[in-house]
Amino acid sequence: MPPNRRLTVLSGPSGVGKSTVVAELRRSHPEVWLSVSVTTRKPRPGETHGVEYFFADDAEFDRMVGSGELLEWAEFAGNRYGTPRTPVLERLAAGVPTLLEIDLQGARQVRESMPEALLVFLAPPSWEELERRLRGRGTEPPDVIERRLDAGRVEMAAEKEFDLTLVNTSVQDVCLRLIALLAGTPEV
Ligand code: 5GP
């Protein structure tokens, strides 16, 4: 098994439940290493620096881009997000199952730089359900929700670029399938 095969990328439209899945994985499967991204977005209530994200200002993000510290990065709905490169490479070299939760643009960059990575698309049960979740979560103002829905339409159209799709009908079910994929036993 080539080392990068253990790198799994989880992507999908904003509001589909990626962070709930990741939080559940963090709780139930501490042996999986979840990359912590850097973002210029402001923390939401309950988010802690170094846990969900490293929160950075524009100047710090510029510096990280300039020095090549990011494996990939993208602008999403008005903020920038990126994956610090070194921690990912270290975990992969040590054979640790590694998961990135990133947007479509980032997934495409990983596809280019690490073709062995497994790209997983997390899909909502329906578009209506996605819209309901995104409008209902109350963490973003209406204009930001619209930007995220626009991005969601683009992300939904890119599903076929991924190696496989998991439909988020149950967080536990998605977690079990992801764990099987990370362990290299996708038939489970
Ligand atoms: P949120 O602001 O809701 O936490 O994240 C917005 C979007 O940014 C989500 O689609 C999430 O997957 C994506 N994202 C989070 N971290 C990264 C990253 O490091 N790189 C990229 N390209 N996207 C990211």
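A: A nonpolar core is here a set of buried Ala, Val, Leu, Ile, Met, Phe, Trp, Tyr and Cys residues joined through side-chain atoms within 4.5 Å. The model is a predicted one. By that criterion, the largest nonpolar core comprises 19 residues. Leu-10, Val-21, Leu-25, Leu-99, Val-120, Leu-122 and Leu-178 have the most contacts inside this core. At least two core residues are supplied by each of helix 1 (18-28), strand 8 (118-123) and helix 7 (171-182). Helix 7 provides the largest share, with six residues.

When its neighbours within four places in sequence are set aside, Leu-25 is in contact with Pro-30, Leu-34, Leu-99, Cys-175, Leu-178 and Ile-179. In soluble globular proteins, nonpolar side chains tend to be buried together.

The ligand site may now be considered. There are 17 residues around the ligand, and those that come nearest are Ser-37, Arg-41, Tyr-53, Tyr-81 and Glu-101. A side-chain N or O atom of Glu-72 lies 2.7 Å from a nitrogen atom of the ligand. For Arg-148, a side-chain N or O atom is 2.8 Å from a ligand oxygen atom, and a polar side-chain atom of Arg-44 is 2.9 Å from an oxygen atom of the ligand. The ligand taken alone exposes 510 Å², of which the protein buries 95%.

Note on methods
Residues numbered from 1 in each chain as written. Predicted model: local features only at pLDDT ≥ 70, side-chain atom pairs only at ≥ 80, totals over all residues. Heavy atoms only, no water. Buried < 20%, exposed > 50% of the residue type's maximum accessible area, 1.4 Å probe, protein only. Helix = DSSP H or I, 4+ residues; strand = E, 2+ residues; numbered from the N terminus. Contact = heavy atoms within 4.5 Å. Near = heavy atom within 4 Å. Polar contact = N/O pair within 3.5 Å; in protein donor to acceptor, adjacent residues only side chain to side chain. Areas by Shrake-Rupley, 256 points an atom, 1.4 Å probe, with all protein chains shown as cover.
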